[in-house]
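Please load the model in your viewer and keep the sequence panel open beside it. The stops below are meant to be selected one after another.

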Amino acid sequence: MKENPENPAMTNIAVNRIIEVSRSKGEIEEEPVLLQKLIRMSIQERRDFWDAQFRKCIKCYGCIEMCPVYLEPPESLRFERWIPKGEVPPPYPAFHLLRAYHVLDVCVLCGECELTCPVGIPLKTLQDITQYFPPEKVFELVPGLDEDIQKAIVEHFTGVRGQLRRMDYAV
Amino acid sequence: MPFDIVQTTCPFCGTGCNMYLEVLDDEIIGVNPVRKHPVSRGRLCVLGRNAHRFVRHPERLTKPLKRVDGNFVEISWEQAIDEIASRLSKVKENHGSDAIGVFSSAKCTNEENYLMMKFTRAVLGTNNVDHCARLCHASTVTGLAASFGAGAMTNSIPEISDTNCMLITGSNPTSQHPIIAGWMLEAKERGAKLIVIDPRRIPISLHADLCLPIRPGTNIALFNGLAHVIIKKGLVDEAFIKERTEGFEELEKKVQEYDPERVSKITGVDASLIEKAALMYAEAEKAMIFYAMGITQHSSGTDNVKAIANLAMLTGNVGRPSTGVNPLRGQNNVQGACDMGALPNVFSGYQPVSDDASRQKFENAWGVKLPSSPGLTVVEMTDAALRGDMKAMIIMGENPAITDPDISHVSRALDALDLLVVIDIFMTETAKHADYVLPAATFAEKDGTFTNTDRRVQRVRSALKPVGESRPDWEIICALAKALGSAGFSYESPEEVMEEIRKLTPSYAGISYGRLEAGENIQWPCPSEEHPGTPYLHKDGFPRGKGRFFGIDHVPSKELPDDKYPFIMTTGRVPFHWHSGSVTRRIDMLDREVPTGFVTISFEDAERLGIQDGDEVAVSSRRGSIRVRAMVSGDVKPGVIFVPMHFAECAANELTSHEGLDPVAKIPEFKVCPVKIEKQS
């Protein structure tokens with residue numbers, strides 16, 4: 001297969017790499033990456049942003065299929081429990097946050113989920129958020145999650161080992 | 001434990017994504033997307049990601065079957081081929097060649113379609129060969145042939161990201177062509193405008209700048225209305241019209257009658273929306289139109305397509321990158337099956353059978369005399385079977401007992417045949433009517449090429465040996481031809497077939513397996529080995545010389561809603577299933593998402609009829625009735641209902657009509673079917 005000279009899929013990951021290289025060559029001014037932009041947004045702006053992204057979802061399950069570390073999720077966080085079958089796009093933002101929490105313990109931040117997403121949702125940023133912030137902060141950065149699901153997430157992880165891993169990393 | 005990775009082309013839609021099949025021992029254990037593929041770019045949809053899950057399904061047919069006293073019994077290949085050949089000869093002797101009909105398959109490879117059309121014409125001696133393109137884009141082929149002289153997607157998928165405006169009509173890309181939808185959403189995020197014209201609120205409507213909820217069957221009025229506004233506001237591309245087209249006066253005169261107010265009354269779309277959409281499309285520097293079954297599956301299908309071509313020519317949006325008229329084709333190889341001449345009126349490369357020079361060329365190559373009058377189309381063959389004129393049929397990889405209109409009519413026709421041979425991978429609803437069922441190989445068990453919607457010819461590679469005694473379709477066709485005494489079917493491999501195709505088909509002349517194996521991605525026309533292929537058509541001229549404008553009138557659908565059948569039913573697909581469901585309903589993961597059919601009804605209609613979400617209702621038309629679960633939703637307008645086509649137990653095509661075909665394309669009106677709805681207790 002020949003190189004694809006034009007129109008490579010410009011994922012968030014690709015953009016970040018380009019920015020990194022350009023910055024090291026002194027070609028561009030400092031510019032906030034998506035995560036920094038999100039932190040500066042109001043709750044409503046964040047909601048609008050993620051809503052526009054997540055409603056592109058066609059529920060191909062590629063983010064799960066391609067994940068190198070994905071394992072069967074715990075009972076209380078399974079899609080069967082929270083996500084209606086056959087509905088496209090799946091309800092905001094439950095599908096995507098649940099998936100991100102399915103791999104909380106094992107994610108290696110490889111970005112395969114974003115690279116394979118047919119509609120270009122910035123899933124790597126979502127992984128960054130769930131990996132480095134405690135849940136109460138995550139539910140502000142990706143606002144609008146049903147309280148029952150919030151509770152299930154917090155309960156599962158605190159129940160498992162008393163406190164969430166990586167909470168110390170939180171800013 | 002031998003492990004192998006095989007790159008191949010996805011067997012579902014016409015997007016033509018590539019995938020790696022991961023083979024361990026005699027099993028495909030996974031699918032991986034191909035990052036460097038120019039269309040799919042490391043992405044796949046839910047169907048592609050599960051494409052391997054049906055290949056070794058326990059219900060695969062593994063032995064030839066013969067009907068004996070109403071039951072199927074297993075027989076040997078030798079017996080099957082001998083008996084079919086002798087019964088075909090008998091039909092030919094007693095009733096003539098034209099008493100035999102063949103359905104070729106848009107799911108099979110180019111090589112197999114070429115062989116099937118050669119077999120029909122050179123061995124059976126009839127032009128009665130057609131396939132399911134008749135039911136999807138036949139009107140594209142006829143409409144664009146009239147307007148431009150060539151009926152295919154004019155531009156390429158990778159050009160989408162650079163366009164300034166997308167007009168999507170009668171197509172639900174996030175469900176039907178998800179990877180193309182990804183390109184569209186990327187263009188949208190880069191600032192392109194998006195106009196969606198559809199009777200339903202479809203997922204991509206959520207991202208649209210303008211949504212025009214059109215009444216089904218009023219497309220021509222709407223496109224005339226858009227042309228009216230564009231001409232009135234002086235937004236036409238005068239230089240393009242003058243140099244590249246003819247018939248502008250005819251169009252100008254006709255669309256004068258279609259001012260937005262009048263069009264609004266016909267289509268149910270606000271006049272102001274029509275004006276806004278016209279300006280948005282015409283003011284864009286580069287604008288692409290995408291359409292699919294919502295345009296073609298009408299009794300006015302050919303004219304709908306011409307009306308779309310009018311708009312593109314009016315604004316000079318043809319013959320440049322990121323513009324054009326872009327039919328999104330359904331099946332993985334429906335473009336190829338048409339290119340290969342699995343159509344009743346043309347040989348490969350759309351060379352007419354009635355043209356003496358073309359016929360002479362094929363007669364010389366094949367060494368036989370060929371019939372000169374065009375054969376029957378899909379729906380006409382069914383009718384002929386019911387009349388008793390058609391005595392024998394061979395159906396390869398199609399399931400007309402679910403996908404053709406008015407399926408109880410189809411079933412009666414199949415039962416009326418003296419001989420029905422079905423070649424398929426599963427015991428489909430159609431195969432259940434057969435006298436002989438021959439087990440075929442899947443896409444992962446054979447070699448060949450598919451041609452995708454943007455005319456890209458791509459390799460299909462064998463990853464496994466065919467299961468049981470199943471065989472690739474090309475081997476089955478060759479065996480039948482040899483048993484019927486033909487000498488012209490001794491091929492060692494599909495590559496040899498491609499060599500013959502290239503000699504006889506100018507648009508494929510430069511496309512060799514050698515080039516494809518070297519990693520080239522070639523789009524036809526490709527007239528020589530040195531030619532790089534053609535990403536977009538009509539750059540310097542149209543195949544017919546000048547592009548032709550047509551002044552077309554809105555003609556109402558053949559059957560309209562009335563007091564007895566007050567709703568318009570429109571049919572379509574869901575993202576998790578494919579056509580008759582014979583493959584996707586056997587894949588657990590997909591079956592779990594949508595296990596059976598439903599009918600989408602508007603809130604207003606549901607309240608009026610006392611129907612709650614989830615209630616069982618009967619939907620009936622003049623043809624038949626189905627019982628199905630109601631899904632009350634804001635996605636359809638009052639007066640319109642939607643039923644997916646996949647599910648045999650509540651098949652939308654029990655209700656659709658096989659009458660009222662488009663006069664040129666002979667496509668049935670799947671998209672407008674008057675029905676009534678009754679709540680079941």
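Does N219(B) count as buried or exposed? With a relative accessibility of 5%, N219(B) counts as buried, where buried means under 20% relative accessible area, exposed over 50% and partly exposed in between, computed with a 1.4 Å probe on protein chains only. Before going further, note that this is a predicted model, in which local features need pLDDT of at least 70 and side-chain atom pairs count only at pLDDT 80 or more, while totals for chains, interfaces and linings use all residues. Residues are numbered from 1 along each chain as its sequence is written, chains are lettered from A and ligands numbered from 1 in the order in which they are written, and side-chain values use heavy atoms, with hydrogens and water left out.

Leaving aside neighbours within four places in sequence, N219(B) is in contact, meaning heavy atoms within 4.5 Å, with I214(B), G294(B), I295(B), H298(B) and N304(B).

Select K254(B) next, in helix α9 (residues 248-255) of chain B. K254(B) counts as buried because its relative accessibility is 18%, and, with neighbours up to four places away in sequence left aside, K254(B) is in contact with G551(B), I552(B) and D553(B).

Then move to F642(B) in strand β25 (residues 640-644) of chain B, a residue that counts as buried at 2% relative accessibility. Leaving aside neighbours within four places in sequence, the contacts of F642(B) include R200(B), T570(B), R573(B), F598(B) and V636(B). If you draw a distance from F642(B) to D454(B), 188 residues apart along the chain, the C-alpha atoms are separated by 29 Å.

**Nonpolar cores**

Which residues touch the most other members of the largest nonpolar core? They are F119(B), I160(B), F443(B) and I641(B), in a core of 176 residues; a nonpolar core is a set of buried Ala, Val, Leu, Ile, Met, Phe, Trp, Tyr and Cys residues joined through side-chain atoms within 4.5 Å. Helix α3(B) gives the most to this core, with eight residues. Centre the view on I160(B), which, not counting residues up to four places away in sequence, touches M166(B), I180(B), W183(B), M184(B), A187(B), M288(B) and F290(B). A second, separate core of 53 residues includes I195(B), F223(B), V236(B) and Y281(B).

**A helix pair in chain B**

Now show helix α3 (residues 110-124) and helix α20 (residues 494-504) of chain B, which pack at an angle of about 65 degrees with their axes 9 Å apart. The axes are lines fitted to C-alpha atoms, for helices over the stretch in contact, and angles run from 0 to 180 degrees between N-to-C directions. The two helices α3(B) and α20(B) are therefore roughly perpendicular to each other, given that angles under 35 degrees count as roughly parallel, over 145 as roughly antiparallel, 65 to 115 as roughly perpendicular and the rest as oblique. On the α3(B) side the contact is made by N110(B), E111(B), Y114(B), L115(B) and K118(B), and on the α20(B) side by P494(B), V497(B), M498(B), E500(B), I501(B) and L504(B).

**A helix pair in chain A**

Switch to chain A, where the axes of helix α6 (residues 94-102) and helix α8 (residues 123-132) come within 10 Å and cross at roughly 60 degrees, which makes α6(A) oblique to α8(A). H96(A), L97(A), R99(A), A100(A) and Y101(A) of α6(A) meet L123(A), L126(A), Q127(A) and T130(A) of α8(A) in this contact. Nine of the nine residues of α6(A) are buried, so this helix is largely enclosed by the rest of the structure.

**Backbone details**

Most residues other than glycine have a negative phi, and most peptide bonds are trans. In the loop between α5 (79-82) and α6 of chain A, select P89(A), whose peptide bond from V88(A) is cis with omega near -10 degrees. P93(A) has its place in the loop between α5 and α6 of chain A, and a cis peptide bond with omega about -25 degrees joins Y92(A) and P93(A).

Finish in chain B with R41(B), in the loop between β3 (27-33) and α1 (46-49), where phi is near 45 degrees, a positive value in a residue other than glycine. R41(B) counts as buried at 5% relative accessibility. D69(B), in the loop between β4 (65-68) and β5 (71-74) of chain B, has a positive phi near 50 degrees and is exposed, with a relative accessible area of 76%.

How values were computed:
Helix = DSSP H or I, 4+ residues; strand = E, 2+ residues; numbered from the N terminus.
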